[in-house]
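Me: I would like to learn how to read features in a model such as this one. Please give the general idea each time, then the case at hand.

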Amino acid sequence: MNRVQVIEVTRKSLSPMNSMSLKLSQTVAEQLTAEHAIVFLLDQGASQFVGVLENEARVVDIRITTDSCLVNSISTLQEALLSTDFIKELDEKLKLRVQSSISAIMNNSSNEPLGFVLALNKMASQGDAPMEFTAPDLQLLQKLTCMAGWVVEQTLQVDKVQVKKVQLKSQFQGLQTAYAKVCQDNHRLQSSYRSWRITKKRAVTTAVMIFLSGFLYLFFAHSFNTAPETWYGGGMQQRLQSQLISPQVERVEDFLHLSGNLQPLSWVKVNAPLDAAIEHVNFQYGDTVHQGQLLLELDQSSIQLAHRDATAAYFQSLKELERLKNWSNSIEVKNAKRAVVRANKALQLAKERHASTSSLFQKGIVARTELDSDWRTVSEAEVTLAMAQESLIAQRSVASDVQLKIAQLSLQNAEQKMQSLALQVDQANIHSPVQGIILPATSKQEKQPSKGGIYSGAQVAKNEPLVMIADMSGVSIDSQVNEVDLLKIKPGQSVDVRIEALNDLSLSGVIHYVDARASAHKGSRSRVFNIQIQVKQLTKRQRNMIRIGMSVDTRVLIYSNPEALVIPFSAVQLEGNKKFVWVQTEQGQVIRKYIEIRSSLPQGLEVSSGLSAADKIVIGHGESTNA
């Protein structure tokens, strides 16, 4: 059972295969002088035949589904499709008024069926009755069908290649994404390990400091709380228990330690300037390239052809504009002026002849017919003059202001197109815009994949990213700072950078920016902020040693006091939550001064307020009094 479905479509909505079928159908109809020809292609997946017909300014998509739609029985299917019932149903749906038809099977080079071609209504000469298709028509249709089969086969092969390219490109992008994810996970693990190592160092240092502080505190507390007479005798007792010292003025600095990875100072992306194939690749990934160095050479044949066409169009537009500017002196206008002059003269002569004939007619010398003939000549001369004048006006309007403006705009468009294509021709040889290390065109957060789509013969699209160039005149370090330490840093602060892998190579940098938005810290409830540190300049030796992605340790100077007051641990006394020291006045009296401690240092305590450098501190004053 055959089922014919007709869908009205537009040329724009047709698939490439249907558009090709429509062109083949028109060619077959012209060769066979048939009113209609339809190329039906076999759609094995949907078990149907698909054809396209353009009839009376309509484009229709014809789909035929049959119970016999089997590839190995297409001959039987063709007979079924060409049966009276099928032709009748097709005629009813399309209003073709079918009177005669022939068909031929369309095979590929392996003699496998691709579909069939149907020709309807043999066209006759004008005025003759419609004709029937003949045996030579059938033979010609079979030859045309063989040619159409070859065209369809080549088109299908091209489509398969394009689909394969898309699939391979999608798989390659998937591999790139997976590789980048693995590299990111590896980067996170390395960062976590460095953070753990720094935390471990801090913990060990803190534990040692606490231990030393506790030991010194217990030592001095035991020393001053022990009865001096058990150690010393006589006059030495008072002198050993009380000591008079001055606060030490020292430079005290505090640092925030961070870790990160080295990145280029900046990335420069190089895009394809036009749609073309790559002819030569003059680099290897990882090479150091110089500014202006030739990187890629693209095929210029198509763009040069387009540039020549644009140049010809420009000169044609220029010629047209010059023609319109000088139109008043053109041959066309001069001929129109001459025609007006001739028509004027002819009218004057006709009027003079008519006046003469009228005078003779009144005297009875000439007949009425001659007078009427001269009057008709005058009328015709007037019409001729009017037509000549209209022709002159029309010729002058050719170079009107509007036409001149249109010609000027056309010339400007042609010039811009010519210049644009000339620029693309110049850009077909791609040079490095900066000096740096050349890498694949990936984002700076990803690890670089192996060499992929950049090779001789590869097709690239306009504005497609080709390579990235890492500017290694300096480096940047991406790091994170805990929210607790955020207010201790700001852009412009100095940073000491050390690269452990390069024997603790030291660099000087500054904080370039601090992110305004917090991020979650993996494995912790605290929040972190991304920061970037930049080292603006590197020496040639440093550039040769440094590699992108190396881990670094940094320290940011967050506190510096060149004249900090530092006192021993044993000088500080406690009174509840308050801290004080014994100070001797100029009169020799010992008084109590309350102080504020900023930080604990290996050599003592830094005093932030309550004490001056000129004060004399008495150590052991309370213990000697009790003794």
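Me: Which side chains meet in a salt bridge at 2.8 Å, N to O?

Reply: A salt bridge is a side-chain nitrogen of Lys or Arg within 4 Å of a carboxyl oxygen of Asp or Glu. Here the side chains of E320 and R323 form one, at 2.8 Å from N to O. This is a predicted model, in which local features need pLDDT of at least 70 and side-chain atom pairs count only at pLDDT 80 or more, while totals for chains, interfaces and linings use all residues. Residues are numbered from 1 along each chain as its sequence is written, and side-chain values use heavy atoms, with hydrogens and water left out.

Me: Where do E320 and R323 sit in helix α6?

Reply: Helices (H or I, at least four residues) and strands (E, at least two) are DSSP runs, numbered from the N terminus. E320 and R323 are 3 residues apart in helix α6, so about one helical turn separates them. For accessibility, buried means under 20% relative accessible area, exposed over 50%, and partly exposed in between (1.4 Å probe, protein chains only). E320 is partly exposed at 32%, and R323 is partly exposed at 37%.

Me: How many salt bridges does the structure hold?

Reply: The structure holds 11 salt bridges. Among them is the pair K488 and D485, at 3.2 Å from N to O. K488 is partly exposed at 41% relative accessibility, whereas D485 is buried at 18%.

Me: Which parts does the salt bridge of D496 and R555 tie together?

Reply: The closest N and O atoms of D496 and R555 are 3.2 Å apart. D496 belongs to strand β16 (residues 494–499) and R555 to strand β19 (residues 551–567), so the pair ties together parts 59 residues apart in sequence. D496 is partly exposed, with a relative accessible area of 29%, and R555 is partly exposed at 31%.

Me: Is S25 buried or exposed, and what lies by its side chain?

Reply: S25, in helix α1 (residues 16–32), is buried, with a relative accessible area of 4%. A polar contact is a pair of N or O atoms within 3.5 Å; within protein, one must be able to donate a hydrogen and the other to accept it, and residues adjacent in sequence count only if both atoms are side-chain atoms. A polar atom of the S25 side chain lies 3.4 Å from the backbone oxygen of A37 and one lies 3.0 Å from the backbone nitrogen of V39.

Me: How many bridges join β5 to β6?

Reply: Two strands pair if DSSP finds at least two bridges between them. Strands β5 (residues 101–107) and β6 (residues 113–122) run antiparallel and are joined by 7 bridges. S103 has L118 in β6 as its bridge partner. The two strands form a hairpin with 5 residues between them, and N111 in the turn has a positive phi of about 60°.
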